[in-house]
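Work through the exercises below with the sequence and the model open. Try each task before reading its solution.

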Amino acid sequence: MAAKRKDLEKRDRLLVIACGMIAREILAVKEQLGLDHLDLTCLPAEYHFYPDRIAPAMDKAIEEAKADGYAHIFVGYGDCGTGGMLDRICEKHDVERMEGPHCFAFYQGLDAYRKVEDDDMMSFYMTDFLCRQFDAFFIRPLGLDKHPELVTDYFGNYEKLIYLAQTDDPELDKVAENAARMLGLVYERRSTGYGDLVAGLAHAAKAKA
């Protein structure tokens with residue numbers, strides 16, 4: 001009986017299956033909007049580097065969530081380099097995802113992103129998450145801590161580092177500024193907040209209701 005009651009409770013909740021890179025931000029928006037009925041589970045943040053893994057992992061995650069009793073599911077990803085494969089999974093399971101090509105777009109807001117997309121073509125984006133994980137995501141995996149001369153090989157085609165700031169944190173600002181200096185890139189900071197993530201989660205919660 002307890003298991004059945006738990007399943008019924010899940011049917012009344014909204015499950016967001018998201019990229020681990022935006023977990024903190026989703027929880028912040030959840031609190032901001034008072035979405036007490038929202039549950040969150042995440043796929044590994046490292047899939048940022050392996051977009052071919054996103055769609056099959058999402059397929060499995062949605063199937064497991066439905067088997068676990070969730071009837072209302074929202075995908076916390078843009079296309080994120082899957083080449084449309086994630087959309088096929090969403091269509092298969094009749095679920096929606098965040099609009100846009102990636103989190104760098106929906107953080108800025110899709111309308112704003114479209115205006116700068118071409119100009120930003122040679123820019124390296126950072127977010128709060130990537131500032132916090134800069135060493136773990138870039139410096140050590142790329143061997144730049146031991147071979148700083150490889151910076152040009154990895155980042156030589158970029159012209160600018162753009163920090164898309166979700167929060168106002170001087171420590172993260174410092175990380176982004178130092179990263180730009182180390183990579184030899186022009187630095188720009190854009191205060192985006194959570195962008196379209198707020199509207200996306202509000203829409204998902206409303207659709208669930």
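The model is predicted: local features need pLDDT of at least 70, side-chain atom pairs count only at pLDDT 80 or more, and totals for chains, interfaces and linings use all residues. Residues are numbered from 1 along each chain as its sequence is written, and side-chain values use heavy atoms, with hydrogens and water left out.

**Exercise 1.** Compare the radius of gyration of the protein chain with that of a compact globule.

Solution. 
- Step 1: The radius is taken over C-alpha atoms, and the globule rule is 2.2 Å times the number of residues to the power 0.38.
- Step 2: For 209 residues a compact globule would have a value near 17 Å; the protein chain has 18 Å, so the two agree.
- Step 3: For the extents, the C-alpha trace spans about 60 × 30 × 30 Å along its principal axes.

**Exercise 2.** Determine whether strand β3 is enclosed or open, and find its partners.

Solution. 
- Step 1: Strands are DSSP runs of E, at least two residues, numbered from the N terminus.
- Step 2: Buried means under 20% relative accessible area with a 1.4 Å probe, protein chains only. In β3 (residues 72-76) four of the five residues are buried, so the strand is largely enclosed by the rest of the structure.
- Step 3: Two strands pair if DSSP finds at least two bridges between them. Five bridges link β3 in parallel to β1 (residues 14-19), with His 72 opposite Leu 14.
- Step 4: β4 (residues 96-97) also runs parallel to β3, through two bridges; Phe 74 has Glu 96 as its bridge partner there.

Note on methods
Buried means under 20% relative accessible area, exposed over 50%, partly exposed in between (1.4 Å probe, protein chains only).
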